[in-house]
Amino acid sequence: MAKFVRIGENLNVMSKILGPAMKERNAGPIQDMAKKETEKGVDFVDLNIGPARKDGAAMMEWVVNTVQAVTNLPLALDTTNLDAMEAGLKVAKNSPLINSVTLQSDRFEAGLKLAAKYKASVVAVLWSDTGMPRDANERAMHIVEFVQKASELGIPNEKIFIDPIVSPISVEINQVKACVECMGMLQDIAPGCKSTVGLSNISNGAPEELRPWLNITYLIMLIKNGLYSAIVDSFDDRLKSFVTGERQNIVNLVNKMLDGEKVDMNSLNDEEKKFAKSVKVLTGETLFSNSWLES
Amino acid sequence: MAFDIPKIDYSGKIREITLGSGDKAVKVGGASCFPFYLFEGKMPNLPKISMEVWDYQPDDWAEAAVEPFKDVIGDPVAWAKKCVNEYGAELITLQLKSIDPNGLNRSAKEAAEIAVKVIDAVSVPVILWGVANHEKDTEVLRLIAEKCEGKRLSLGPVEEGDYKQIGAGAIAYKHLVIASSPIDINLAKQLNILLGNLGVGEGQILVDPTTGALGYGLEYTYSVMERDRMAALTQEDEKLQYPIICNVGVETWKIKESKLKEQEDPKLGDAKKRGIMIECVTAMSLLMAGADILIMRHPESITLIKKMIKDLSSPE
């Protein structure tokens, strides 16, 4: 199995400590977090400075330089402010990742041009002028559009991380299924493209303490369908153990169920049962409710 | 080679639930196929219509809806009797509108007294429908439950915010609960699970998916009901195998298009026919999506829907 790529999400302006530190240009907490994420073995450090309408360019430039001083990891520059994005790209040393570009007509081309100019990789969020794609086919259509435009501008597929958009199971199971289906189609539609997801959105709305069951199960399902990377909590050691081969028994169980093999629930231990039940709700075999692990 | 008509493989069945007690008790549910797919399975109990009665004289009804009841509309007991004796109602729903804290705010004691009189005056099963105010519904429904022990009344709407209180009353005094969720299939299932965990028996639950009238969310309601029936019948989802009840009359007769007089907007046509058709189209759509009980208002709507049920279920 190819190494699964984790993009650490913890350097985020929403943090009560890191947000003010970014605004006040206080390097301490930010470098501290970057070091800790690096120690946790993530593959990218995401720098989320938010929409950053005021002061965005200066802030991104500063944050990138501040973080690069303590880690050699590549950075994911996470903002909707394209000026801030460019300021970050100018100073980023180690082939950065633009997080993200959507297909919305007012920013699609400008975002791709930045990627081309700075030879950066780019996350392609399949969100268009009409909003969220309704099914796997619309996702496929958006992938084709994105890749074609990128190709015209000289961006190779290998630099594109398709984000098929994970949406909460409590909202619409067909979207949960469509996202997996799209992942399975990706290499046929756009050979060489990479992929990524904002994983935890799958469990948005579910009881907080139960969310990891959905997150991990869905991650295994997406990886089986070719998922290359995910934006995750760098400090979630449990989640990490499922993508580093340490929990192969669970990965095998999930894969077996996805392949349509019948699994005897009575033969499973408590942990396996919870994963099996999570597979059932995430594939739509049983209807989700907040008590899905009990019933 | 002979042609085989493709058939759906049903693995589940809707539970059969009895409303009321005695010889006028009414059974609903029991279906082993999608609504009226009688070429694939059975519907041992056809959908039933419950006529609605308000516990105080409504002041904002469309003229066409008042007309059949104008002699009894201020007297819930006489009104309920008229529904049974004159219109042949098999079920009565008492809409406890008077208890609304934002309206008449009648006390629990007073509202319960009226309800008990209505329940005692008719031999058919009674459904009690509160105002979705958790505190007030709990207070009123628990009092009625206690006074009418063992009558298998249906108490609703029971929501996540008051299921423990009302559910406990239903367990203690042997009634049914109407599990009500806001047009959301996952929440509907969750509430059924919670009621089960509380100890409400499998024979004591009806499901209210929340009804949207024609033009006011009907599509959302029937989509959720279709999902519910698919899970119940083809995915063996035990937590969804309960009969569905829809509060149709209240929803369709409160919309602007049912209330406007013809002279206020002549292009909308005859007001009475219009109101009845809106109620019927809503009711019919919900029947096709899997409703087991429809709570309805206008006697002419009810006649029409009963005929439709009969036609759809006759062998030829």
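**Cores and chain A**

Author: This is a predicted model, and its largest nonpolar core has 99 residues, of which B:Ile92, B:Leu128, B:Ile144, B:Leu294 and B:Ile305 touch the most other members.
Reader: Okay, and which residues does B:Ile144 touch?
Author: Leaving aside residues up to four places away in sequence, B:Ile144 touches B:Leu96, B:Ala112, B:Ala115, B:Ile119, B:Leu128 and B:Leu153.
Reader: How many residues are in the second core, then?
Author: That second, separate core has 47 residues, and among them are A:Val13, A:Val64, A:Phe146 and A:Ile162.
Reader: Switching to chain A, how many helices and strands are there?
Author: Chain A contains eleven helices and eight strands. Its radius of gyration is 19 Å, close to the 19 Å that the globule rule gives for 295 residues, so chain A is as compact as a globular protein of that length.
Reader: And what box do the C-alpha atoms fill?
Author: Taken along the principal axes, the C-alpha atoms of chain A fill a box of roughly 60 × 40 × 30 Å.
Reader: One last thing, how many Å apart are the mean positions of the charges in chain A?
Author: Chain A has 33 positive and 38 negative charges, and their mean positions are 3 Å apart.

Terms used:
Residues are numbered from 1 along each chain as its sequence is written. Chains are lettered from A and ligands numbered from 1 in the order in which they are written. This is a predicted model: local features need pLDDT of at least 70, side-chain atom pairs count only at pLDDT 80 or more; totals for chains, interfaces and linings use all residues. Side-chain values use heavy atoms; hydrogens and water are left out. Helices (H or I, at least four residues) and strands (E, at least two) are DSSP runs, numbered from the N terminus. The radius of gyration is taken over C-alpha atoms; the globule rule is 2.2 Å times the number of residues to the power 0.38. Lys and Arg count as positive and Asp and Glu as negative; His and the chain ends are not counted. The place of a charge is taken as NZ of Lys, CZ of Arg, CG of Asp or CD of Glu. A nonpolar core is a set of buried Ala, Val, Leu, Ile, Met, Phe, Trp, Tyr and Cys residues joined through side-chain atoms within 4.5 Å. Buried means under 20% relative accessible area, exposed over 50%, partly exposed in between (1.4 Å probe, protein chains only). Contact means heavy atoms within 4.5 Å.
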